[in-house]
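Please look over the sequence and the model first, and then follow the sections below.

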Amino acid sequence: MTDWAWDYNPSAEYITDGLPPGGGGAEVERLAVELAALGQDAVKVGRPFDREGGLREFDILQGRGFISFPAVPRHECVYVCNVTWYS
């Protein structure tokens, strides 16, 4: 277990607007908790595969979308900054 946290940037309402009702937002939060639990290793998760750090992408809802996030070691935080959903 790490001391890392996660947060929405800019806000939960902005990021999750338009996700399917009944679990879309919950899935984003579940993945954000898991990414924060990885701590420093969150800089390696998802795309792009060939480098660490920067803006990362991770598939959600069985490949029907993805979340974009930077994992910021200096802040010990994962910031969910965008959700793309293919309806």
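## A glutamate in helix α2

Is Glu27 buried or exposed? In this predicted model, Glu27 is buried, because its relative accessible area is 18%, which falls under the 20% limit used for that word. The residue is found in helix α2, which covers residues 24–38.

Two kinds of neighbour can be named for Glu27. Its side chain makes a polar contact with the side chain of Arg30, at 2.9 Å, and, once neighbours within four places in sequence are left aside, Glu27 is in contact with Ile60 and Leu61.

## The chain as a whole

The chain has two helices and five strands, and, when it is read along the sequence, these follow the pattern β-α-α-β-β-β-β. Along its principal axes the C-alpha trace spans about 35 × 25 × 20 Å. How does the radius of gyration agree with that of a compact globule? For 87 residues such a globule would have a radius of gyration near 12 Å, and the chain has 12 Å, so the two agree.

Of the 87 residues, 36% count as buried, and Glu27, with its relative accessible area of 18%, is buried. Among contacts in the chain with a separation of 6 or more, 45% come from residues 24 or more positions apart.

The accessible surface of the chain comes to about 5300 Å², and 51% of that surface belongs to carbon and sulfur atoms. As for charge, the chain has 7 positive and 13 negative side chains, and the centres of these two sets lie 7 Å apart.

## The loop between α2 and β2

Strand β2 covers residues 55–60, and Pro48 lies in the loop between α2 and that strand. A cis peptide bond joins Arg47 and Pro48, with omega at about 0°. Most peptide bonds are trans.

Phe49 is found in the loop between α2 and β2. Its relative accessible area is 72%, and Phe49 is therefore exposed, the limit for that word being over 50%.

## Two partly exposed loop residues

Where does Arg64 lie? It is placed in the loop between β2 and β3, and it is partly exposed, since its relative accessible area is 40%. Arg64 and Trp85 are 21 residues apart in sequence, yet their C-alpha atoms are 6.2 Å apart in space. Not counting residues up to four places away in sequence, Arg64 touches Thr84, Trp85 and Tyr86.

Glu76 has its place in the loop between β3, residues 65–72, and β4, residues 77–80. With a relative accessible area of 40%, Glu76 is partly exposed. Most residues other than glycine have a negative phi.

Key. Residues numbered from 1 in each chain as written. Predicted model: local features only at pLDDT ≥ 70, side-chain atom pairs only at ≥ 80, totals over all residues. Heavy atoms only, no water. Helix = DSSP H or I, 4+ residues; strand = E, 2+ residues; numbered from the N terminus. Buried < 20%, exposed > 50% of the residue type's maximum accessible area, 1.4 Å probe, protein only. Polar contact = N/O pair within 3.5 Å; in protein donor to acceptor, adjacent residues only side chain to side chain. Contact = heavy atoms within 4.5 Å. Rg over C-alpha atoms; globule rule 2.2 N^0.38 Å. Areas by Shrake-Rupley, 256 points an atom, 1.4 Å probe, with all protein chains shown as cover. Lys, Arg positive; Asp, Glu negative; His and termini not counted. Charge placed at Lys NZ, Arg CZ, Asp CG, Glu CD.
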